[in-house]
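Let's take a walk along a protein chain together, one stretch at a time.

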Amino acid sequence: MGTATGTTADAERNGPPEGGGPGGPAGGAGRSAPPDPPERPAPSTPPGPSGAARTSGAADANSAPGPAEASGSSGDPGISEAPGPSPLRLLLSRVRPHQGVLLRAGLLSLAGSGAGLAMPLTAKYAVDAFAADRSPAGPLVALTALVLVGACLSAYGRYLMSRTGEGVVLRARDQLVSRIMRLKVPAVDRLTPGDLQSRVTSDTTLLRTVLSSGLVESFNSVLMLLGTIGFMAYMDLTLLGVTLVVIVGIGAVTSLLMPRIQRAQLRAQESVGAMGAALDRVLQAFRTVKASGAEERETAAVAAAARHAHDRGVTVAKWASVTDVTMMMSIQLAFLAVLGVGGARVASGSLEISALIAFLLYLFYLMGPIGGLVEGWTGLQSGLAAVRRIDEVESLPGEPAPPPAPVREAVRDPGPARPLGVAFQDVVFGYGDERAPAHQGVTFDVPAGGMVALVGPSGAGKSTVFSLLERFYDHDGGTISVADRNIRDWPLAELRGALAYVEQDAPVLAGTLRENLLFAAPEADEEALASAVARTRLDALVARLPEGLDTAVGHRGVTLSGGERQRIAIARALLRRPRLLLLDEVTSQLDAVNEQALRDVILELAEQTTVLVIAHRLSTVRHADRIVVLEEGRVRRAGTHEELLTEDDLYRELATTQLAADAR
Ligand SMILES: Nc1ncnc2c1ncn2[C@@H]1O[C@H](COP(=O)(O)OP(=O)(O)OP(=O)(O)O)[C@@H](O)[C@H]1O
């Protein structure tokens, strides 16, 4: 027990890895992605005879991440942009389990489109039949059958594709959420919640887009393009030549516009992210904004960001319309050229009128595959970016699976929980920033059973003791033992299962009061629940609430006072029947009566288990069996209240000022 020995902070960093992938945080330039944009809608061009509206490739940049991310903007400063496996490989690895059904879906769509492809030729036969005064019934029946069969095949193919896409999205979300739950605390410390959310929501949604439009549609479009050109060649080679000259010429011009659209989308997406960040800032500190009278200023800041997003969105719209028009023009110009050349050839008798009609129908049919290719290209870009963003989260360092069982043995076993002792020996730990390490050689013992209080000035490293015990962070040097066993040798789930931690600002989760109380011990019975409620003096609150324990609290529920929240957190910890209870300033917001009651509960608990408390009240430390005084990341002295009063200047000062003041 006693003084620190002062090892340096440069001692070896993190302990042995416990799982999780490679990669790690580094400060990347960041922007926040918008929280939950919907799937990117496809702007339309006029439908061809197939009836399928095609995109020009310009996405609604204000609504969802487009190819923006493809250019390397990770979006979160906490996620490194270190090169990993190629995004295409990652994408294909997600698609591989579904390749069979995707192939079927693709073939069905292709067959559907192929039926459409046979229509102009059949229409030619109908026209020929009319011209030759024959019955057109055969070609007309065939045309009707082609329409119906084509529609059914396409619809089923699309359904299969969408269903598979939803499956891929679900799988990606499941994996991502379970990964996020297992991320190590330091990794999450560096992330932006909004960005993380957008990876789970919009980025996973983009996977579906890339599957359907990016891969399958592109594949189908190429085949359809070749098929259409083949039919056109069969109809008339000269007219095909005229068509290709016009389309390839305009296509070359359009391709020059593509990088501009991509850049414009990137900027638009960044500005949407910036707007989200501005709004996030206000919502995070909503009361402070109001209390500071800063509504106008903050409104102006968010409005400026929104205006910026608008301006950039308009730029995207400008380039998108130019591309749309250019593409449409290519078909219309080709139409005029074919009409001119074809008309002259019909007049000279070198081409049948029915062949010209069929050729013109094929010409409009081209619009579908061309639009599909452009859409596929943009879809692929955004999908690749999404895959990379998802993979970035999945390769952050994680804790071993499974997560700690919420219910410990002790909850099922009504017998007394055996208390755990704790020993810190020369513990060194820094949070990885440039400041001095939070622990610079901390040494103290906590015997099994009883209550030990940690005191010290703000920033001395008291809460860090708890974070290290919970293994939210791995210490850099020295040894931490729990029950004489090195903390690194404890299975994480077992270690956390033996502890209960009441945080300084214990949050209430959105849900009912009952759910909140049972959060750490869902299997606790009604009797245990009633006892915890009574011991923490929550019974008056329960009686006051309209639906008692089943009243919704937190967000969209009843708002609770700071003291009520603290008592809920303590009740939650009691229900867990911990072998080591970590209490962080738990009585700071309680009134005298409740504080007295809870102190009695804690003292009673200390007879059965080990209680380690960060105390800010004289009344708490007086009852502690031992007090450890921390200062600047070191243990200054340890002893009883009386010993420390006479032996330690800092403690005496704390006892007469801070601890006494907090005692009210
Ligand atoms: N998550 C974190 N990331 C980076 N630095 C941190 C983090 N948490 C704490 N620190 C820093 O580590 C040092 C010790 O913090 P700690 O919270 O342990 O002090 P404390 O004694 O509990 O203070 P207080 O009484 O004010 O709660 C402080 O300098 C603090 O700023």
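The paragraphs below visit some helical stretches and then a sheet. Keep in mind that this is a predicted model.

Let's begin with what a record says. An unreviewed UniProt entry places the feature "transmembrane region" at residues 101–121, 141–161, 206–231, 237–258, 327–347 and 353–374. Pick out residues 101–121 in the model: this stretch is 100% helix and 0% strand, with its end C-alpha atoms 31 Å apart. Now move on to residues 327–347, where the chain is again 100% helix and 0% strand. Here the end C-alpha atoms lie 30 Å apart.

Next, look for the sheet. In general, the strands of a sheet pair through backbone hydrogen bonds, in either a parallel or an antiparallel way. The sheet here is open and has four strands, in the order β2-β1-β4-β5, and their pairing is antiparallel. At the edges sit β2 (439–446) and β5 (485–486), each of which pairs on one side only.

Let's step inside the sheet. Strand β1 (residues 422–429) runs antiparallel to β4 (residues 477–482), and five bridges join the two.

Finally, follow β4 onward to β5. These two strands pair in the antiparallel sense over two bridges, and S481 has N486 in β5 as its bridge partner. Together β4 and β5 make a hairpin, with two residues between them. In the turn you will find A483, whose phi is positive, about 55°.

Note on methods: Residues numbered from 1 in each chain as written. Predicted model: local features only at pLDDT ≥ 70, side-chain atom pairs only at ≥ 80, totals over all residues. UniProt positions renumbered as here; feature names shortened; annotations may be inferred. Pairing = 2+ DSSP bridges.
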